[in-house]
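Me: I'd like to go through this structure with you, a few questions at a time. Could you start on the salt bridges once it is up?

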Amino acid sequence: MDIAPLIDYMQKFVELEPQEVEIIQKHTSLRNYLKGQFVVQQGDVCRHESFVVEGCLRTFYVDEKGQEHTVMFAIENWWTADLGSFLTQTPAHYNVQCLENTKVIQFSHTNLENLYLQVPKMERFFRIILQRAYVASERRLVRSYSLTAKERYLKFRQDYPLIEQRVPQYMIASYLGITKEFLSKIRNQLILEQ
């Protein structure tokens, strides 16, 4: 199993020795999913933290009215899971679904806990990426309160140019907290402004 993309990514944050890479490899699994498959479904326990090697995924929840709410997307070199469910091993609040055929490298909860003991740098690595994710989440929350829908869309396009071409517009609208019709109006307005 080739975990080179994961190791390359990790080396940006922590320096790993060859023997540590071997240990990490023994504690990971490579999984392929087809477009439309779920990595985790609402109500099930999230068993894996997944590093995206190829593909695009969406994390969303379905409310009591059956409305879908997109929380995040994940593409190559990003992580995905229902983190709360994974950490506590309790039922997931979110669905993680593949929007394309997808390849991930996964850590089970038990294997990750063992890795923390065998390769202490793993705890530092995951602390760093969790801190970065938390800061990004806070920024998104502030933007949702302080920016107009048009400004949120422009910020999305600026921050995630590779995602817009890979996901349906209604999912982007859901992520932005607007209807697909309103997103269409914004996009048409931007075309007229050019």
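Reply: R58 counts as buried, with 2% relative accessibility, where buried means under 20% relative accessible area, exposed over 50% and partly exposed in between, using a 1.4 Å probe and protein chains only. This is a predicted model, in which local features need pLDDT of at least 70 and side-chain atom pairs count only at pLDDT 80 or more, whereas totals for chains, interfaces and linings use all residues. Residues are numbered from 1 along each chain as its sequence is written, and side-chain values use heavy atoms, with hydrogens and water left out.

Me: Which side chain meets R58 in a salt bridge?
Reply: The partner is E68, at 2.8 Å from N to O; a salt bridge here is a side-chain nitrogen of Lys or Arg within 4 Å of a carboxyl oxygen of Asp or Glu. E68 sits in strand β5 (residues 68–74) and R58 in strand β4 (residues 57–62), 10 residues apart, with helices (H or I, at least four residues) and strands (E, at least two) taken as DSSP runs numbered from the N terminus. E68 itself is partly exposed at 32% relative accessibility.

Me: How many salt bridges are there in the whole structure?
Reply: The search finds eight. Among them is E76 with R166, at 2.9 Å from N to O, and because E76 lies in the loop between β5 and β6 (79–80) while R166 lies in the loop between α7 (161–164) and α8 (169–176), this pair ties together parts that are 90 residues apart in sequence. These two residues also belong to a network of salt bridges that includes E100.

Me: Are E76 and R166 buried or partly exposed?
Reply: E76 is partly exposed at 28% relative accessibility, and R166 is partly exposed at 24%.

Me: Switching to the core, which residues touch the most other members?
Reply: In the largest nonpolar core, which has 37 residues, they are I24, W79, F107, M122, F125 and F126; such a core is a set of buried Ala, Val, Leu, Ile, Met, Phe, Trp, Tyr and Cys residues joined through side-chain atoms within 4.5 Å. Helix α5 gives the most to this core, with five residues.

Me: And what does W79 contact, leaving aside neighbours within four places in sequence?
Reply: Its contacts, meaning heavy atoms within 4.5 Å, include L6, Y9, F51, M72, F107, F125, F126 and I129. A second, separate core of 18 residues includes F73, V167, Y175 and I186.
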